[in-house]
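Please read them with the coordinates open.

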Amino acid sequence: MNGYKPSYDEIVKNTGTPAYVFDLDVLRDRLKMIKDTLGEEIGICYAMKANPFVVGDIDEVVDRYEVCSPGEFKICEKAEVPMKKVVLSGVYKEAVDTKRTVAAYKDDILYTAESVNQFHLVNDAAVENGIVVNMILRITTGNQFGIDEVELCEIIADRAKYKGVNIVGIQHFSGTQRKNLKIYKEELNYCDSLIKKLKEDYEFEAEELEFGTGFFFEYFQPKAKKGEAEMSQEESEANARREDVILLEEFSKLLSEMEFSGRITLEIGRFIVASCGRYYTSIVDKKHNCDIDFCIVDGGIHQLNYFGQMMAMKKPWYRQLKSNGEIYMGGSDNANVCGSLCTINDNLVKGMPLTNPQLQDILEFKNSGAYSMTETAALFLSRDLPKVFLYEKEKGLKMMRDRVEAFELNY
Ligand SMILES: Cc1ncc(COP(=O)(O)O)c(C=O)c1O
């Protein structure tokens with residue numbers, strides 16, 4: 001029907017499960033909220049590892065894309081992302097890919113280096129092509145990522161020797177699901193002191209700081225406090241989203257207290273994209289084993305990944321869609337919702353409150369826009385990969401990926 005905009009529920013009924021739907025309107029609103037709260041002068045770099053399917057559809061609302069592998073880079077090429085928006089990052093850049101990107105896109109791309117060897121790799125490729133590329137150096141936070149401070153200082157001290165690279169600043173990322181302001185403060189202080197040292201000791205003026213925030217995203221419903229009535233899913237989800245704004249405001253204050261006055265770009269993944277995603281899976285079997293109700297679904301933990309879901313004990317926000325159109329957000333029939341993998345770990349939620357669960361009921365898991373489709377054991381058991389859709393009110397539904405037979409990849 002011309003101009004007809006289907007609801008999520010219709011979408012999923014028509015397309016079948018398992019499937020992901022990523023809502024671009026929700027995503028763009030989220031990015032606007034983040035930008036408005038942090039202020040125009042703070043750049044936003046979307047860490048595309050969190051969800052590559054939205055790349056290209058948010059070019060106007062992000063300043064950069066952080067790209068960490070040749071595969072992610074090819075997605076950017078396919079999506080025709082402006083190369084000026086690409087930060088080519090990642091702990092291991094392969095020589096063949098680096099030579100290709102430097103030759104093809106010249107100095108459009110901003111490169112990172114995570115080791116002395118990787119620094120030379122980019123420098124040599126640029127020299128070979130007779131060009132100079134911009135680069136930021138990732139400082140380590142004590143793991144396999146980034147460069148040790150001593151080595152980083154040596155590179156800076158010798159920078160005039162490297163004819164293919166113009167070092168413009170520092171990159172820092174230490175971890176995900178973080179909201180401890182004291183730790184943020186320490187890390188920003190460290191960046192300040194490093195930048196100051198580089199200036200005082202080596203007359204190096206950093207123009208840029210690219211800081212991965214690893215902002216915390218609340219995936220789970222809170223447990224009711226003793227004596228307090230349980231909040232509805234809607235209320236508790238709204239509370240969590242208010243907390244998001246508070247985290248941004250407090251972080252923004254810390255940024256304004258920094259001595260560094262150059263350009264700051266924040267690398268963010270899950271905090272941007274988690275809320276735009278919904279994952280749909282259908283109940284395909286039911287059983288009552290040793291006094292416990294089980295619902296088996298056609299998806300599982302190889303397709304849904306809520307960071308911090310401890311042994312399926314926590315409850316995400318969800319809806320139960322019945323084939324007669326009824327929708328429930330809870331109920332009194334608690335069941336363990338398990339996926340279709342042959343592992344005892346394939347528990348999505350233990351004791352999930354449902355309403356008279358029946359075969360073919362669809363469970364919609366909210367806030368599944370980040371990492372579910374990229375960081376899970378998607379090929380385990382050679383089960384098919386789910387369909388992926390993008391949705392926006394203006395344009396309706398777009399299929400990004402049809403169901404993919406995984407057995408082909410495993411034999
Ligand atoms: C360098 C870097 N930047 C940004 C991110 C995104 O982190 P998050 O999704 O927690 O925002 C990651 C995640 O691994 C990362 O490795």
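Predicted model: local features only at pLDDT ≥ 70, side-chain atom pairs only at ≥ 80, totals over all residues.

1. How many bridges join strand 10 to strand 11, and do the two run parallel or antiparallel? Strand 11 covers residues 292–297 and runs antiparallel to strand 10, with six bridges joining the two.

2. The mean pLDDT of the chain is 95, with 98% of its residues reaching 70 or more. Residues 1–5, however, have a pLDDT below 50, and this stretch makes four contacts in the model beyond near neighbours in sequence.

3. The barrel is built from eight strands, which close in the order 2-3-4-5-6-7-8-9 with parallel pairing. From one strand to the next, the twist averages 30°.

4. R138 has Q171 in strand 7 as its bridge partner. Helix 6, which spans residues 149–157, lies across strand 6 and strand 7, and runs at about 155° to strand 6.

5. Strand 1 (residues 19–23) pairs with strand 10 (residues 277–289) in the antiparallel sense over four bridges, and A19 stands opposite Y280 in strand 10. Strand 16, made up of residues 362–365, also pairs with strand 10 in the antiparallel sense, again over four bridges; in this pairing the bridge partner of T281 is L363 in strand 16.

6. The structure holds 16 aromatic pairs. In one of them, the rings of F211 and F251 have centres 6.0 Å apart and planes at 35°, so the pair counts as tilted. Because F211 lies in strand 8 (residues 208–212) and F251 in helix 8 (residues 233–256), the pair ties together parts that are 40 residues apart in sequence. F211 has 0% relative accessibility and so counts as buried, and F251, at 0% relative accessibility, likewise counts as buried.

7. A second pair can be described in the same terms. The ring centres of Y279 and F365 are 6.4 Å apart and the planes lie at 35°, so this pair is tilted. The pair links distant parts of the chain, with Y279 in strand 10 and F365 in strand 16, 86 residues apart. Since the pairing cut-off for ring centres is 6.5 Å, I would look at this pair with the cut-off in mind. Y279 is buried, with a relative accessible area of 0%, and F365 is buried as well, its relative accessible area being 0%.

8. Which residues do ring pairs link into a cluster together with Y279 and F365? The cluster also includes Y20, F22 and F53.

9. Finally, two contacts between a charged side chain and a ring deserve a look. R30 lies over the face of F271, at 4.4 Å from the ring centre, while K179 has its charged end over the ring of F216, 4.2 Å from its centre.

Note on methods: Residues numbered from 1 in each chain as written. Heavy atoms only, no water. Pairing = 2+ DSSP bridges. Phe/Tyr/Trp six-rings, centres within 6.5 Å; stacked < 30°, edge-to-face > 60°. Buried < 20%, exposed > 50% of the residue type's maximum accessible area, 1.4 Å probe, protein only. Lys NZ or Arg CZ within 6 Å of the ring centre and 35° of its normal. pLDDT = per-residue confidence, 0-100. Contact = heavy atoms within 4.5 Å. Axes fitted to C-alpha atoms, helices over the stretch in contact; angles between N-to-C directions.
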